[in-house]
Amino acid sequence: MEPHRVLVLNSGSSSVKYQLLDMRDRSRLASGLVERIGEETSRLVHTPLAGGGAEPRERTGRIADHDAALKAAAEELTADGLGLDSAELAAIGHRVVHGGLKFSAPTVITDEVLKEIERLVPVAPLHNPANITGIRTARALRPDLPQVAVFDTAFHTTIPEAAARYAIDVETADAHRIRRYGFHGTSHAYVSRRTAKLLGKAPEDVNVIVLHLGNGASASAVAGGRCVETSMGLTPLEGLVMGTRSGDIDPAVTFHLKRVAGMSTDEIDVLLNKRSGLAGLCGDNDMREIRRRIEEGDERAALAFDIYIHRLKKYIGAYAAVLGRVDAVAFTAGVGENSAPVREAAIAGLEEFGLAVDAGLNAVRSGEPRLISPEYARVAVAVVPTDEELEIADQTFALVEEPGSSRSGGLGEVDN
(Lines give C-alpha, C1' and ligand atoms only; values in the text may rest on other atoms or scores of the structure.)
Protein backbone atom coordinates (compact mmCIF):
# COMPACT_ATOMS: atom_id res chain seq x y z
CA MET A 1 0.00 0.00 0.00
CA GLU A 2 1.30 3.46 -0.92
CA PRO A 3 1.94 5.83 2.01
CA HIS A 4 -1.17 7.94 2.53
CA ARG A 5 -0.86 9.67 5.90
CA VAL A 6 0.44 13.17 6.61
CA LEU A 7 1.47 14.48 10.01
CA VAL A 8 1.00 18.26 10.32
CA LEU A 9 3.16 20.10 12.87
CA ASN A 10 2.75 23.67 14.06
CA SER A 11 5.65 24.49 16.36
CA GLY A 12 5.33 27.63 18.44
CA SER A 13 7.83 29.13 20.86
CA SER A 14 6.47 27.08 23.78
CA SER A 15 3.95 24.76 22.14
CA VAL A 16 3.49 22.13 19.44
CA LYS A 17 0.15 21.43 17.77
CA TYR A 18 -0.16 18.31 15.63
CA GLN A 19 -2.67 16.45 13.51
CA LEU A 20 -2.40 13.15 11.67
CA LEU A 21 -4.56 12.87 8.56
CA ASP A 22 -5.45 10.06 6.16
CA MET A 23 -5.26 11.68 2.73
CA ARG A 24 -7.36 9.00 1.03
CA ASP A 25 -10.48 10.62 2.47
CA ARG A 26 -8.82 13.63 4.20
CA SER A 27 -10.02 12.37 7.58
CA ARG A 28 -8.33 13.09 10.90
CA LEU A 29 -6.84 10.14 12.72
CA ALA A 30 -5.55 12.01 15.78
CA SER A 31 -4.70 15.48 17.03
CA GLY A 32 -2.93 16.98 19.97
CA LEU A 33 -1.37 19.95 21.71
CA VAL A 34 1.76 20.18 23.81
CA GLU A 35 1.89 23.48 25.68
CA ARG A 36 4.09 25.30 28.17
CA ILE A 37 7.18 23.47 26.88
CA GLY A 38 10.16 24.02 29.19
CA GLU A 39 8.01 24.75 32.23
CA GLU A 40 7.22 22.57 35.22
CA THR A 41 3.55 22.80 34.27
CA SER A 42 3.90 21.38 30.74
CA ARG A 43 0.76 19.69 29.43
CA LEU A 44 0.01 17.33 26.53
CA VAL A 45 -3.56 16.69 25.41
CA HIS A 46 -3.93 13.96 22.78
CA THR A 47 -7.24 13.23 21.07
CA PRO A 48 -7.76 10.03 19.05
CA LEU A 49 -10.25 10.93 16.34
CA ALA A 50 -10.51 7.83 14.14
CA GLY A 51 -13.88 6.19 14.69
CA GLY A 52 -14.94 8.86 17.17
CA GLY A 53 -15.97 8.45 20.77
CA ALA A 54 -12.47 8.15 22.24
CA GLU A 55 -11.73 10.39 25.20
CA PRO A 56 -8.74 12.77 25.11
CA ARG A 57 -5.67 11.66 27.07
CA GLU A 58 -3.71 14.17 29.12
CA ARG A 59 -0.16 14.28 30.47
CA THR A 60 1.16 16.88 32.87
CA GLY A 61 4.66 17.53 34.17
CA ARG A 62 7.79 19.09 32.73
CA ILE A 63 8.46 18.56 29.02
CA ALA A 64 11.94 20.02 28.64
CA ASP A 65 12.09 21.03 24.98
CA HIS A 66 10.60 20.54 21.51
CA ASP A 67 12.52 17.31 21.05
CA ALA A 68 10.86 15.88 24.16
CA ALA A 69 7.49 17.30 23.08
CA LEU A 70 7.56 15.62 19.68
CA LYS A 71 8.75 12.35 21.20
CA ALA A 72 5.88 12.49 23.68
CA ALA A 73 3.41 13.14 20.85
CA ALA A 74 4.92 10.23 18.92
CA GLU A 75 4.38 7.97 21.94
CA GLU A 76 0.71 8.94 22.06
CA LEU A 77 0.32 8.24 18.36
CA THR A 78 2.03 4.88 18.79
CA ALA A 79 -0.42 4.00 21.56
CA ASP A 80 -3.19 4.44 18.99
CA GLY A 81 -1.37 2.28 16.44
CA LEU A 82 -0.40 5.39 14.46
CA GLY A 83 3.31 5.57 15.20
CA LEU A 84 5.74 7.79 13.30
CA ASP A 85 7.63 4.67 12.21
CA SER A 86 4.62 3.55 10.18
CA ALA A 87 5.17 2.80 6.50
CA GLU A 88 1.82 4.50 5.87
CA LEU A 89 3.25 7.92 6.76
CA ALA A 90 3.99 9.77 3.52
CA ALA A 91 5.36 13.06 4.85
CA ILE A 92 5.43 15.57 7.67
CA GLY A 93 4.08 19.03 6.86
CA HIS A 94 5.36 22.00 8.86
CA ARG A 95 3.71 25.37 9.23
CA VAL A 96 6.41 28.00 8.70
CA VAL A 97 5.30 31.56 9.32
CA HIS A 98 7.69 33.54 7.12
CA GLY A 99 8.96 32.45 3.72
CA GLY A 100 9.84 35.88 2.38
CA LEU A 101 9.84 36.04 -1.42
CA LYS A 102 12.00 32.96 -1.87
CA PHE A 103 9.17 30.55 -1.09
CA SER A 104 5.98 30.99 -3.09
CA ALA A 105 4.89 27.35 -2.80
CA PRO A 106 5.15 24.40 -0.41
CA THR A 107 8.72 23.15 -0.44
CA VAL A 108 10.43 19.90 0.52
CA ILE A 109 12.93 20.81 3.24
CA THR A 110 16.62 20.31 2.49
CA ASP A 111 19.64 21.74 4.28
CA GLU A 112 19.63 24.59 1.75
CA VAL A 113 15.96 25.34 2.38
CA LEU A 114 16.46 25.27 6.15
CA LYS A 115 19.32 27.74 5.87
CA GLU A 116 17.11 30.11 3.89
CA ILE A 117 14.35 29.87 6.53
CA GLU A 118 17.02 30.73 9.12
CA ARG A 119 18.04 33.77 7.07
CA LEU A 120 14.48 35.05 7.47
CA VAL A 121 14.60 35.01 11.28
CA PRO A 122 15.28 38.80 11.48
CA VAL A 123 11.89 39.50 9.84
CA ALA A 124 10.09 36.86 11.93
CA PRO A 125 11.98 36.68 15.24
CA LEU A 126 8.99 35.42 17.23
CA HIS A 127 7.93 32.69 14.83
CA ASN A 128 10.56 31.25 12.50
CA PRO A 129 12.96 30.09 15.28
CA ALA A 130 10.21 27.92 16.79
CA ASN A 131 9.27 26.57 13.34
CA ILE A 132 12.93 25.72 12.70
CA THR A 133 13.19 23.87 16.02
CA GLY A 134 10.19 21.73 15.10
CA ILE A 135 11.64 20.96 11.68
CA ARG A 136 15.02 19.91 13.08
CA THR A 137 13.42 17.66 15.67
CA ALA A 138 11.10 16.00 13.16
CA ARG A 139 13.96 15.47 10.69
CA ALA A 140 15.97 13.78 13.44
CA LEU A 141 13.04 11.50 14.29
CA ARG A 142 12.36 10.52 10.66
CA PRO A 143 15.38 11.48 8.52
CA ASP A 144 14.15 9.20 5.72
CA LEU A 145 10.79 10.96 5.36
CA PRO A 146 9.99 14.01 3.20
CA GLN A 147 9.51 17.08 5.41
CA VAL A 148 7.56 19.87 3.74
CA ALA A 149 7.42 23.56 4.70
CA VAL A 150 4.10 25.28 4.02
CA PHE A 151 4.50 29.03 4.41
CA ASP A 152 2.01 31.51 5.87
CA THR A 153 3.32 34.10 3.43
CA ALA A 154 3.20 32.00 0.23
CA PHE A 155 -0.41 32.76 -0.76
CA HIS A 156 0.38 36.46 -0.64
CA THR A 157 3.37 36.39 -3.01
CA THR A 158 0.96 37.19 -5.87
CA ILE A 159 0.35 40.69 -4.48
CA PRO A 160 1.40 43.28 -7.10
CA GLU A 161 4.38 45.51 -6.39
CA ALA A 162 2.14 48.57 -6.07
CA ALA A 163 0.49 46.93 -3.06
CA ALA A 164 3.55 45.18 -1.63
CA ARG A 165 5.96 48.13 -1.62
CA TYR A 166 6.10 50.68 1.18
CA ALA A 167 6.85 54.25 0.13
CA ILE A 168 10.34 54.38 1.62
CA ASP A 169 13.79 54.55 0.04
CA VAL A 170 14.02 51.57 -2.31
CA GLU A 171 17.65 50.71 -1.57
CA THR A 172 17.02 50.67 2.17
CA ALA A 173 13.87 48.58 1.72
CA ASP A 174 15.63 46.05 -0.51
CA ALA A 175 18.68 45.80 1.71
CA HIS A 176 16.56 44.91 4.72
CA ARG A 177 13.71 43.03 2.98
CA ILE A 178 11.14 45.61 3.98
CA ARG A 179 7.85 45.07 2.14
CA ARG A 180 4.38 43.64 2.66
CA TYR A 181 4.47 39.86 3.06
CA GLY A 182 1.15 39.05 4.71
CA PHE A 183 0.34 36.13 6.98
CA HIS A 184 -2.42 33.58 7.69
CA GLY A 185 -1.93 32.61 4.05
CA THR A 186 -3.01 28.97 4.42
CA SER A 187 -6.27 30.15 5.97
CA HIS A 188 -6.91 32.80 3.30
CA ALA A 189 -6.17 30.26 0.55
CA TYR A 190 -8.48 27.63 2.03
CA VAL A 191 -11.34 30.00 2.83
CA SER A 192 -11.28 31.81 -0.51
CA ARG A 193 -11.52 28.50 -2.39
CA ARG A 194 -14.17 27.13 -0.02
CA THR A 195 -16.21 30.31 -0.47
CA ALA A 196 -16.16 29.89 -4.24
CA LYS A 197 -17.37 26.31 -3.82
CA LEU A 198 -20.15 27.53 -1.53
CA LEU A 199 -21.28 29.86 -4.33
CA GLY A 200 -21.14 27.02 -6.84
CA LYS A 201 -18.34 28.67 -8.83
CA ALA A 202 -14.70 28.05 -9.66
CA PRO A 203 -12.15 30.08 -7.63
CA GLU A 204 -10.95 31.85 -10.79
CA ASP A 205 -14.46 33.24 -11.30
CA VAL A 206 -14.87 34.74 -7.82
CA ASN A 207 -13.60 37.86 -6.04
CA VAL A 208 -13.61 37.44 -2.27
CA ILE A 209 -12.75 39.56 0.74
CA VAL A 210 -11.59 37.15 3.46
CA LEU A 211 -11.69 38.32 7.09
CA HIS A 212 -9.62 36.01 9.30
CA LEU A 213 -10.64 37.18 12.77
CA GLY A 214 -8.99 35.44 15.69
CA ASN A 215 -6.66 36.71 18.39
CA GLY A 216 -4.51 37.53 15.38
CA ALA A 217 -6.59 39.07 12.60
CA SER A 218 -6.03 39.81 8.94
CA ALA A 219 -7.96 40.66 5.78
CA SER A 220 -7.23 39.78 2.19
CA ALA A 221 -8.59 40.68 -1.23
CA VAL A 222 -8.59 37.63 -3.49
CA ALA A 223 -9.28 38.15 -7.20
CA GLY A 224 -9.91 35.00 -9.20
CA GLY A 225 -8.05 32.81 -6.72
CA ARG A 226 -5.01 35.10 -6.44
CA CYS A 227 -4.32 37.35 -3.48
CA VAL A 228 -3.95 40.98 -4.59
CA GLU A 229 -3.87 42.72 -1.19
CA THR A 230 -3.62 41.80 2.47
CA SER A 231 -3.60 43.73 5.73
CA MET A 232 -0.56 42.32 7.55
CA GLY A 233 2.79 43.59 6.34
CA LEU A 234 6.47 43.02 7.09
CA THR A 235 5.27 41.43 10.35
CA PRO A 236 1.86 40.31 11.68
CA LEU A 237 1.50 43.64 13.53
CA GLU A 238 0.01 45.75 10.74
CA GLY A 239 -3.65 45.93 9.81
CA LEU A 240 -6.77 45.12 11.80
CA VAL A 241 -7.26 45.60 15.53
CA MET A 242 -6.32 42.27 17.14
CA GLY A 243 -6.47 40.64 20.53
CA THR A 244 -3.21 42.14 21.82
CA ARG A 245 -1.75 43.83 18.70
CA SER A 246 -2.45 47.42 17.71
CA GLY A 247 -2.76 46.93 13.97
CA ASP A 248 -2.36 50.12 11.91
CA ILE A 249 -0.71 52.98 13.77
CA ASP A 250 1.15 56.17 12.84
CA PRO A 251 4.83 55.07 12.70
CA ALA A 252 5.78 58.30 14.47
CA VAL A 253 4.09 57.01 17.62
CA THR A 254 7.16 54.82 18.14
CA PHE A 255 9.50 57.84 17.87
CA HIS A 256 7.28 59.80 20.25
CA LEU A 257 7.31 57.03 22.86
CA LYS A 258 11.08 56.76 22.62
CA ARG A 259 11.70 60.51 22.90
CA VAL A 260 8.96 61.58 25.31
CA ALA A 261 8.25 58.46 27.39
CA GLY A 262 11.84 57.18 27.33
CA MET A 263 10.72 53.74 26.22
CA SER A 264 13.26 51.37 24.67
CA THR A 265 12.72 49.66 21.33
CA ASP A 266 11.99 46.38 23.12
CA GLU A 267 9.46 48.05 25.41
CA ILE A 268 7.64 49.59 22.45
CA ASP A 269 7.68 46.20 20.71
CA VAL A 270 6.02 44.61 23.75
CA LEU A 271 3.51 47.47 23.98
CA LEU A 272 2.36 47.19 20.36
CA ASN A 273 2.38 43.39 20.14
CA LYS A 274 1.27 42.27 23.60
CA ARG A 275 -0.36 45.21 25.40
CA SER A 276 -2.43 46.78 22.64
CA GLY A 277 -5.42 45.81 20.52
CA LEU A 278 -8.56 44.86 22.42
CA ALA A 279 -6.54 44.02 25.55
CA GLY A 280 -4.94 47.45 25.56
CA LEU A 281 -8.23 49.21 24.97
CA CYS A 282 -10.35 47.48 27.60
CA GLY A 283 -8.27 44.85 29.42
CA ASP A 284 -9.82 41.85 27.65
CA ASN A 285 -8.89 40.17 24.38
CA ASP A 286 -11.71 37.58 24.46
CA MET A 287 -14.59 38.82 22.31
CA ARG A 288 -17.09 36.80 24.35
CA GLU A 289 -16.06 38.60 27.53
CA ILE A 290 -16.13 41.96 25.76
CA ARG A 291 -19.68 41.34 24.53
CA ARG A 292 -20.73 40.31 28.06
CA ARG A 293 -19.31 43.53 29.45
CA ILE A 294 -21.05 45.59 26.78
CA GLU A 295 -24.39 44.02 27.72
CA GLU A 296 -23.71 45.11 31.30
CA GLY A 297 -23.12 48.70 30.15
CA ASP A 298 -19.30 48.77 30.24
CA GLU A 299 -18.22 51.85 28.24
CA ARG A 300 -14.58 50.81 27.79
CA ALA A 301 -15.62 47.48 26.32
CA ALA A 302 -18.12 49.24 24.04
CA LEU A 303 -15.47 51.65 22.77
CA ALA A 304 -13.01 48.81 22.15
CA PHE A 305 -15.68 46.98 20.14
CA ASP A 306 -16.48 50.11 18.14
CA ILE A 307 -12.79 50.66 17.29
CA TYR A 308 -12.48 47.01 16.25
CA ILE A 309 -15.53 47.27 13.96
CA HIS A 310 -14.51 50.67 12.54
CA ARG A 311 -11.19 49.21 11.37
CA LEU A 312 -12.96 46.20 9.84
CA LYS A 313 -15.31 48.44 7.86
CA LYS A 314 -12.39 50.49 6.56
CA TYR A 315 -10.73 47.38 5.18
CA ILE A 316 -13.92 46.01 3.65
CA GLY A 317 -14.43 49.32 1.84
CA ALA A 318 -10.80 49.59 0.78
CA TYR A 319 -10.69 46.05 -0.57
CA ALA A 320 -13.96 46.52 -2.41
CA ALA A 321 -12.22 49.41 -4.19
CA VAL A 322 -9.14 47.26 -4.90
CA LEU A 323 -11.19 44.40 -6.33
CA GLY A 324 -13.67 46.52 -8.26
CA ARG A 325 -16.23 43.70 -8.12
CA VAL A 326 -16.89 41.78 -4.91
CA ASP A 327 -18.77 38.49 -5.04
CA ALA A 328 -18.47 37.57 -1.38
CA VAL A 329 -17.21 38.60 2.03
CA ALA A 330 -16.16 35.59 4.11
CA PHE A 331 -15.73 35.56 7.89
CA THR A 332 -13.46 32.92 9.40
CA ALA A 333 -11.33 31.96 12.46
CA GLY A 334 -12.42 32.04 16.11
CA VAL A 335 -14.16 35.43 16.21
CA GLY A 336 -15.26 35.42 12.57
CA GLU A 337 -16.87 32.00 12.87
CA ASN A 338 -18.46 32.39 16.29
CA SER A 339 -19.35 36.03 16.94
CA ALA A 340 -22.65 36.97 15.31
CA PRO A 341 -22.48 40.52 16.78
CA VAL A 342 -19.11 41.14 15.08
CA ARG A 343 -20.43 39.96 11.70
CA GLU A 344 -23.61 42.00 12.03
CA ALA A 345 -21.80 45.17 13.08
CA ALA A 346 -19.09 44.85 10.41
CA ILE A 347 -21.67 44.66 7.60
CA ALA A 348 -24.21 47.15 9.03
CA GLY A 349 -24.41 50.33 6.97
CA LEU A 350 -22.77 48.79 3.89
CA GLU A 351 -26.02 48.26 1.99
CA GLU A 352 -24.86 50.61 -0.77
CA PHE A 353 -22.01 48.14 -1.37
CA GLY A 354 -24.58 45.38 -1.92
CA LEU A 355 -23.92 43.86 1.51
CA ALA A 356 -26.49 42.74 4.07
CA VAL A 357 -26.83 40.16 6.83
CA ASP A 358 -29.97 38.16 7.59
CA ALA A 359 -30.41 38.25 11.37
CA GLY A 360 -31.87 34.74 11.56
CA LEU A 361 -29.17 33.14 9.42
CA ASN A 362 -26.46 35.05 11.26
CA ALA A 363 -27.66 33.74 14.63
CA VAL A 364 -27.32 30.09 13.59
CA ARG A 365 -24.29 28.31 15.08
CA SER A 366 -22.79 25.67 12.80
CA GLY A 367 -19.44 24.14 11.96
CA GLU A 368 -20.35 24.09 8.28
CA PRO A 369 -19.72 26.78 5.63
CA ARG A 370 -22.89 28.80 5.16
CA LEU A 371 -24.35 31.99 3.73
CA ILE A 372 -25.76 34.54 6.18
CA SER A 373 -26.86 37.13 3.62
CA PRO A 374 -30.46 37.47 2.40
CA GLU A 375 -31.29 36.24 -1.09
CA TYR A 376 -31.68 39.78 -2.42
CA ALA A 377 -28.13 40.83 -1.43
CA ARG A 378 -25.88 41.54 -4.41
CA VAL A 379 -22.79 40.38 -2.49
CA ALA A 380 -22.83 37.12 -0.57
CA VAL A 381 -21.78 37.18 3.09
CA ALA A 382 -20.45 33.83 4.26
CA VAL A 383 -19.16 32.13 7.38
CA VAL A 384 -16.50 29.62 6.37
CA PRO A 385 -14.72 27.69 9.13
CA THR A 386 -11.02 27.66 8.36
CA ASP A 387 -8.96 24.48 8.31
CA GLU A 388 -5.29 25.38 8.16
CA GLU A 389 -4.14 21.89 9.11
CA LEU A 390 -6.08 20.33 6.25
CA GLU A 391 -4.71 22.95 3.86
CA ILE A 392 -1.15 22.17 5.00
CA ALA A 393 -1.80 18.43 4.66
CA ASP A 394 -3.29 18.88 1.17
CA GLN A 395 -0.33 20.97 -0.01
CA THR A 396 2.18 18.59 1.57
CA PHE A 397 0.65 15.45 0.09
CA ALA A 398 0.23 17.00 -3.35
CA LEU A 399 3.91 17.95 -3.37
CA VAL A 400 5.32 14.58 -2.31
CA GLU A 401 3.00 12.74 -4.67
CA GLU A 402 3.95 14.93 -7.63
CA PRO A 403 6.01 12.99 -10.19
CA GLY A 404 9.64 14.04 -10.26
CA SER A 405 9.55 16.10 -7.07
CA SER A 406 8.34 13.76 -4.35
CA ARG A 407 11.74 13.26 -2.76
CA SER A 408 13.51 16.45 -3.76
CA GLY A 409 13.56 19.94 -2.36
CA GLY A 410 14.22 23.39 -3.65
CA LEU A 411 13.29 27.00 -3.55
CA GLY A 412 10.01 28.29 -4.87
CA GLU A 413 9.89 31.17 -7.27
CA VAL A 414 12.76 33.53 -6.55
CA ASP A 415 12.46 37.29 -6.67
CA ASN A 416 15.37 39.13 -5.14
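Colleague: Leaving aside its neighbours within four places in sequence, which residues is Ser11 in contact with?

Modeller: Keep in mind that this is a predicted model. Ser11 has its place in strand β1, residues 5-11. Once neighbours within four places in sequence are left aside, its contacts are Val16, His66, Ala130, Asn131 and Gly134.

Colleague: Is Ser11 buried or exposed?

Modeller: Buried means under 20% relative accessible area. The relative accessible area of Ser11 is 4%, so Ser11 is buried.

Colleague: Now for His212. With which side chain does the side chain of His212 make a polar contact?

Modeller: His212 lies in strand β9 and counts as buried, at 6% relative accessibility. Leaving aside neighbours within four places in sequence, its contacts include His184, His188, Thr332 and Glu388. The polar contact, at 2.8 Å, joins the side chain of His212 to that of Ser187.

Colleague: Which residues does Leu312 contact, leaving aside its neighbours within four places in sequence?

Modeller: Leu312 is one of the residues with the most contacts inside the largest nonpolar core. With neighbours within four places in sequence left aside, Leu312 is in contact with Leu211, Leu213, Leu240, Val342 and Ala346.

Key
Residues are numbered from 1 along each chain as its sequence is written. This is a predicted model: local features need pLDDT of at least 70, side-chain atom pairs count only at pLDDT 80 or more; totals for chains, interfaces and linings use all residues. Side-chain values use heavy atoms; hydrogens and water are left out. A nonpolar core is a set of buried Ala, Val, Leu, Ile, Met, Phe, Trp, Tyr and Cys residues joined through side-chain atoms within 4.5 Å. Buried means under 20% relative accessible area, exposed over 50%, partly exposed in between (1.4 Å probe, protein chains only). Contact means heavy atoms within 4.5 Å. Helices (H or I, at least four residues) and strands (E, at least two) are DSSP runs, numbered from the N terminus. A polar contact is a pair of N or O atoms within 3.5 Å; within protein, one must be able to donate a hydrogen and the other to accept it, and residues adjacent in sequence count only if both atoms are side-chain atoms.
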